[in-house]
Amino acid sequence: MAPSLSSSLCSDLRQDVKETNEPVEIDWENLGFGLTTTDYMYMMKCRKDDEFSEGQIVPFGNIELSPASVVLNYGQGLFEGLKAFRREDGKLLLFRPDQNALRLQIGAERMCMPSPSIHQFLDAVKQTVLANKRWIPPPGKGSLYIRPLLIGTGPSLGISPAPEYSFIVYASPVNKYFKEGSAPLSLYIEDEFDRASRGGVGGVKSITNYGQALRPLTRAKSRGFSDVLFLDSATGKFIEEASAANVFIVKDQKIYTAPTKGTILPGVTRKSIIEIARDLGYEVEERMIEVEELLDADEAFCTGTAVVVAPVGSVTYQGKRVDYRVDDNMVYKKLLTTYKGIQNGEIEDKKGWMVEINQNST
């Protein structure tokens, strides 16, 4: 177990947090999606056969790892991504954080790791947000992106679960994920490299899912594309997901997206958009989608915590480019308007998705 902070140190940290609540000097108008170092992070540890217990807020900084740590040698690690929003009335809110907590637990089971309880996860996220409250952008200028990490920090030379684990939560103010901002995306359909295979860990948010995307993603961006779209590894005929987003297509006012059956991440935004679409009267079908269906679609869009809901302006496959019409009358726009309306309080949250953070708890 991680040692508890002494009462004097806890008092000093609370005072530091209180003293650093003054606004930060950031050009919010030009904020992109990159790491901006904030003041504090959350840390909690446990041994392999134990359960996570009390964690603590500590100053943001580097962590110490053994060269033999399992996360470094064998990739035993998971991460999550969620956002905190500041509303016009000053309230701080999270969007469906319980879904991230549950997904982390599912991933931890797959990766042979202990995991925080849903309550511990939510408490850690809330503490991290409050400790870095001054870094939350003004309403409409972005959000505080929160990155929980669950990693095997203990050492092992052989391939085995780590003897010790760390749960870390840090945060950074962000805005638009793509350099295009709100402009339509251009996707390159990758037919050489795979993202995930049947029986692998493509269905959980493992750190091992993203390293192999770097080469095809870098190559696609060097050619002027926004992102890369992967195909299934078994046949190479069906679309799966982009490097960090789920993909939807629209045909004759019906919405289609690939099913989450082990090779596609069950995105929280994906799940929410499906619910919103059905509430708005759209028919949504989760099934395998052939590349030809994508090329013949009326529209396409991507979803994710980072990308939110982003329209696709074009896709390129084996030298053939297909362009899509993008305007305010498209299906994606109606879904995005509802999604953001729930988050900013303009639309009633009938589902209890928004979780308010009690700012008096500091």
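Arginine 96 is buried in this predicted model, with a relative accessible area of 6%. Arginine 96 sits in the loop between strand S5 (92-95) and H3. Its phi is near 50 degrees, a positive value in a residue other than glycine.

Aspartate 252 belongs to the loop between strand S11 (246-251) and strand S12 (254-257). Is aspartate 252 buried or exposed? Aspartate 252 is exposed, with a relative accessible area of 58%.

Here are the accessibilities of some residues discussed in this report.

| Residue | Relative accessible area | Class |
|---|---|---|
| Arginine 96 | 6% | buried |
| Aspartate 252 | 58% | exposed |
| Asparagine 100 | 1% | buried |
| Isoleucine 273 | 1% | buried |
| Cysteine 46 | 1% | buried |

**H3 and H4**

The loop that holds arginine 96 leads us to H3. Helix H3 covers residues 97-110 and helix H4 residues 118-131. Their axes come within 9 Å and cross at roughly 125 degrees, so H3 and H4 are oblique to each other. The handedness of the H3 and H4 crossing is right-handed.

Which residues of H3 and H4 meet? From H3 come Pro97, Asp98, Asn100, Ala101, Leu104 and Gln105, while H4 brings Ile118, Phe121 and Leu122. Sorted by class, the residues of this contact are six nonpolar, two polar and one charged.

With 1% relative accessibility, asparagine 100 counts as buried. Setting aside residues up to four places away in sequence, asparagine 100 touches Glu80, Gly81, Leu82, Phe95, Phe121 and Val268. One of these, Phe121, is also among the H4 residues that meet H3.

**H6 and H8**

How do helix H6 and helix H8 pack? Helix H6 (residues 268-279) and helix H8 (residues 331-344) have axes 10 Å apart, at an angle of about 110 degrees. H6 and H8 are therefore roughly perpendicular to each other. On the H6 side the contact involves Thr269, Ser272, Ile273, Ile276 and Ala277, and on the H8 side Leu335, Thr338, Tyr339 and Ile342. The classes in the contact of H6 with H8 are six nonpolar, three polar and no charged residues.

Isoleucine 273, a residue of helix H6, counts as buried at 1% relative accessibility. Leaving out residues up to four places away in sequence, isoleucine 273 touches Phe248, Phe301, Thr303, Val309, Leu335 and Tyr339. Of these, Leu335 and Tyr339 also take part in the contact on the H8 side. The C-alpha atoms of isoleucine 273 and tyrosine 332 are separated by 9.4 Å, although the two residues are 59 residues apart along the chain.

**Cysteines**

How many disulfides does a search of the whole structure find? It finds zero. A disulfide needs the two sulfur atoms within 2.5 Å.

Technical notes:
Residues are numbered from 1 along each chain as its sequence is written. This is a predicted model: local features need pLDDT of at least 70, side-chain atom pairs count only at pLDDT 80 or more; totals for chains, interfaces and linings use all residues. Side-chain values use heavy atoms; hydrogens and water are left out. Axes are lines fitted to C-alpha atoms, for helices over the stretch in contact, and angles run from 0 to 180 degrees between N-to-C directions. Helices (H or I, at least four residues) and strands (E, at least two) are DSSP runs, numbered from the N terminus. Angles under 35 degrees count as roughly parallel, over 145 as roughly antiparallel, 65 to 115 as roughly perpendicular and the rest as oblique. Contact means heavy atoms within 4.5 Å. Ala, Val, Leu, Ile, Met, Phe, Trp, Tyr, Cys and Pro count as nonpolar, Asp, Glu, Lys and Arg as charged, and the others, Gly among them, as polar. A crossing is left-handed if the near helix is turned anticlockwise from the far one by less than a right angle, and right-handed if clockwise. Buried means under 20% relative accessible area, exposed over 50%, partly exposed in between (1.4 Å probe, protein chains only).
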